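Hi everyone, thanks for coming. Today I'd like to walk you through some charged pairs in a protein that may be new to you. Let me put it up on the screen.

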Amino acid sequence: MIEIIIKLTQSVILIYFREVPLMSLTYREIKGQYKALQQTFEYMVAKRAEFTSFVREQAVTSVTFVGSGSSYCLSEAAAFSFRLRAGLPALSLAAGDLMLHADRYRPMLAGTLAIAPSRSGSTSEVVEALRLIQSEERIPVLSISCVENSPLSARADFALELPWAFDDSVCQTRTVTNLYAANLLLAAFLAGDENLIADMQTAIHQGEAYMTRVENDIRRASDFAWTNAVVLADGELQGLAAEGAIALTEIAKTQAHAYHLLDVRHGPMVTVGPDTLVIAALSDSGIDHQRNLMRDIKDRGATVIAFADRTEAAPQDIVDLAITTDSPLDPAVRGIPFIFIPQIAALANAERHGINPDQPDGLVAWVKL
């Protein structure tokens with residue numbers, strides 16, 4: 001888009017033409033994630049009975065999540081949720097790893113339900129890995145994709161499709177949040193966790209106002225010359241923190257890593273300094289330990305954005321920015337507002353350095369081998 005600037009002097013009218021960047025597709029998709037989340041929530045609730053019946057019919061003894069890149073990070077979070085909430089042994093496997101070593105890993109897949117979350121439903125490693133593990137024995141597959149009639153859906157015994165959550169930009173943002181919510185709802189359905197389901201609807205209802213309230217604060221707090229980012233979270237949010245680190249790397253072209261909260265002291269602290277942006281998801285337990293950690297990180301000169309769902313858990317006197325939700329939420333549901341922080345920080349850094357977030361160097365939307 002061209003902006004025309006007219007400047008009047010005593011005798012001359014000067015006309016300037018300046019290139020003005022359009023709002024990126026990535027930004028529009030970030031800001032559209034809660035609208036998509038409402039559709040995902042309604043769709044998943046409508047599928048609840050069919051899903052629980054399907055799982056009972058399979059008589060599975062474990063669950064294995066399979067994904068690549070962002071979907072693998074989400075698989076890590078989902079496997080934790082299934083272990084914690086549904087009482088099922090669950091693990092996550094990187095699809096490329098499984099594809100290369102299907103025969104070696106086959107014994108650990110006996111009696112499992114494979115769940116594959118995917119944006120495109122076409123990623124080669126995911127589709128091929130599932131084909132290989134099904135080649136010698138029947139392993140039921142549940143797919144969650146953001147397109148209709150994908151190769152992944154065709155291979156699945158139970159296919160969930162969320163086309164309204166598809167990201168057209170290369171880097172996943174809206175898709176990530178929706179797949180995370182879908183995975184978490186599956187765990188809640190099996191566990192009969194009505195409080196989690198209600199909290200997710202609450203988080204979605206608060207989402208638009210939350211983004212409006214915190215976006216400029218995130219942009220201001222991250223407006224410095226940082227070249228390193230660290231994302232900290234525990235439990236079900238740790239996989240989502242890893243996805244936050246991917247977003248910071250892909251969108252802002254910046255080195256970023258994710259760690260468990262207190263584990264950052266065990267080595268990674270040496271990388272934290274004045275050039276570091278730290279984004280931490282805090283819980284409502286062990287508050288003194290968390291405060292001490294935030295103080296140690298600040299003493300190393302880092303800029304810290306802390307997230308919590310209640311004021312008493314966010315050490316506002318220590319960190320550079322404390323963000324809280326509008327009301328207390330289930331620990332896993334907090335991941336939905338939390339992921340917005342690294343997404344916006346990444347986008348703001350890309351804009352500041354003239355990086356086009358829609359065209360990250362060397363990346364494609366999904367990998368075809």
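Let's begin with Asp284: at a relative accessibility of 35%, this residue counts as partly exposed. Please keep in mind that we are looking at a predicted model.

Which residue does Asp284 pair with in a salt bridge? The partner is Arg334, and their closest N and O atoms are 3.6 Å apart. Asp284 sits in the loop between strand S10 (276-281) and helix H12 (287-299), while Arg334 is in the loop between S12 and H13, so this pair ties together parts 50 residues apart in sequence. Is Arg334 itself buried or exposed? With a relative accessibility of 6%, Arg334 counts as buried, because the cut-off for that is under 20%.

Now, Arg334 also forms a salt bridge with Asp309, with 3.1 Å between the closest N and O atoms. Asp309 lies in the loop between strand S11 (303-308) and S12, so here the parts tied together are 25 residues apart in sequence. Both Asp309 and Arg334 are buried.

Next, have a look at Arg85 and Asp330, a salt bridge whose closest N and O atoms are 2.7 Å apart. This one links distant parts of the chain: Arg85 belongs to helix H4 (residues 70-86) and Asp330 to the loop between strand S12 (321-324) and helix H13 (335-352), 245 residues apart. Arg85 counts as buried at 18% relative accessibility, and Asp330 is buried at 12%.

Finally, there is a salt-bridge network that links Lys31, Glu215, Arg219 and Glu351. And how many salt bridges turn up in the whole structure? The search finds 24.

How values were computed. Residues numbered from 1 in each chain as written. Predicted model: local features only at pLDDT ≥ 70, side-chain atom pairs only at ≥ 80, totals over all residues. Heavy atoms only, no water. Salt bridge = Lys/Arg side-chain N within 4 Å of Asp/Glu carboxyl O. Helix = DSSP H or I, 4+ residues; strand = E, 2+ residues; numbered from the N terminus. Buried < 20%, exposed > 50% of the residue type's maximum accessible area, 1.4 Å probe, protein only.
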